[in-house]
Amino acid sequence: YMDVMASHRAGVVNVVAASGTALTEKQLKLIKRFTDNIALCFDTDSAGVKAMLRSYKLAQSFDMNTKVVQLQFGKDPDELINKDATLWEKAIKESKHLIDYYFDITLKKMDLNKLEHQKQVRDKLLPLIMSSSDTVERNHFLDKLSTILKIDKQDLIKDSERFKNPNAGRAQVNQSTTDNR
């Protein structure tokens with residue numbers, strides 16, 4: 001709640017707080033009455049990133065446009081605003097789509113010259129992209145991932161089937177192994 005009060009002090013008043021990292025369906029229903037757009041700003045730790053992903057998936061069920069406000073300093077808005085309130089306004093203006101944000105944090109840790117890192121990028125980003133309920137959004141991010149990994153978009157779509165059915169393809173491998181005996 002300190003984040004909301006600090007935001008109001010800084011002149012940004014269209015702000016609500018979730019209790020802890022639990023944005024609920026009921027809260028989103030209330031927000032949806034006023035807007036289709038939501039900008040998430042959770043703490044920058046791993047629990048905050050997980051909360052953003054959960055919130056994005058829930059917001060998708062309400063057809064909401066979901067962005068992430070990234071903090072350049074501090075662990076939360078209150079700390080940032082206490083340092084410099086203009087940085088909060090700037091962070092809000094520069095918010096980006098949640099999937100773009102997740103691209104950034106995933107790619108920051110990877111060397112795309114390494115095959116195993118390419119696979120990790122695919123495995124982290126593809127399920128999130130495919131969870132989007134919006135066709136335009138999903139295709140936009142599939143194109144982006146395809147370009148970054150230098151992989152045909154259709155191959156990524158085929159790979160996405162593996163996330164729906166983790167055992168897909170396994171029977172064929174086991175069958176071909178037993179045929180060679």
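Predicted model: local features only at pLDDT ≥ 70, side-chain atom pairs only at ≥ 80, totals over all residues.

User: What does I129 touch, leaving out residues up to four places away in sequence?

Analyst: I129 touches I99, F103, R138, F141, L142 and L145.

User: Let me back up to the overall layout. How many helices and strands are there?

Analyst: There are 10 helices and three strands. Along the sequence the order goes α-α-β-α-β-α-α-β-α-α-α-α-α.

User: How much of the protein is buried?

Analyst: 33% of the 181 residues count as buried. As for how the chain connects up, take the contacts with a separation of 6 or more: 63% of them are between residues 24 or more positions apart.

User: Where is the confidence highest, and where is it lowest?

Analyst: Helix α8 has the highest confidence, with a mean of 97, and α10 (residues 170–179) has the lowest, with a mean of 45. For the protein, mean pLDDT is 87, with 89% of residues at 70 or more.

User: What about residues 171–181?

Analyst: pLDDT stays under 50 over residues 171–181, and the model has zero contacts beyond four places in sequence for that stretch.

User: Good to know. Pockets next: what volume does the largest pocket have?

Analyst: About 1,100 Å³. The largest pocket is lined by 37 residues, and N14, V15, V16, A39 and C41 lie nearest its centre. The elements giving two or more residues to that lining are α1 (2–9), β1 (37–40), β2 (65–68) and α5 (85–93).

User: Which element gives the largest share of that lining?

Analyst: β1, with four residues.

User: How does the lining of the largest pocket divide into nonpolar, polar and charged?

Analyst: It's 21 nonpolar, 11 polar and five charged residues.

User: And the second largest pocket, what's its volume?

Analyst: About 340 Å³. The second largest pocket is lined by 18 residues, of which T44, V49, Y101, I105 and K108 lie nearest the centre. α3 (46–60) and α6 (98–107) each give at least two lining residues, and α6 supplies the largest share, five residues. By class, the lining has 10 nonpolar, four polar and four charged residues.

User: Back to C41. Is C41 buried, partly exposed or exposed?

Analyst: Partly exposed, because its relative accessible area is 21% and buried would need under 20%. C41 sits in the loop between β1 and α3.

User: What does C41 contact, leaving aside neighbours within four places in sequence?

Analyst: C41 is in contact with V69, L71, P77 and W88.

User: You mentioned L71. Is L71 buried or exposed?

Analyst: L71 is buried, as its relative accessible area is 13%. L71 lies in the loop between β2 and α4 (77–83). Beyond four places in sequence, L71 touches C41, T44, D76, P77, L80 and W88.

User: Last topic, backbone. What is phi for D63?

Analyst: Phi of D63 is near 55 degrees, a positive value in a residue other than glycine. Most residues other than glycine have a negative phi. D63 lies in the loop between α3 and β2 and counts as exposed at 57% relative accessibility.

User: And what is phi for K150?

Analyst: Phi of K150 is near 60 degrees, also positive. K150 is in the loop between α8 and α9 (153–164), and K150 counts as exposed at 76% relative accessibility.

Notes
Residues numbered from 1 in each chain as written. Heavy atoms only, no water. 1 Å grid on protein atoms, 1.4 Å probe; cavity = no way out; pocket = protein on both sides within 12 Å on 5 of 7 lines; lining within 4 Å. Points joined across faces, edges and corners; volume = space filled by probe spheres on them. Nonpolar A, V, L, I, M, F, W, Y, C, P; charged D, E, K, R; others polar. Contact = heavy atoms within 4.5 Å. pLDDT = per-residue confidence, 0-100. Buried < 20%, exposed > 50% of the residue type's maximum accessible area, 1.4 Å probe, protein only.
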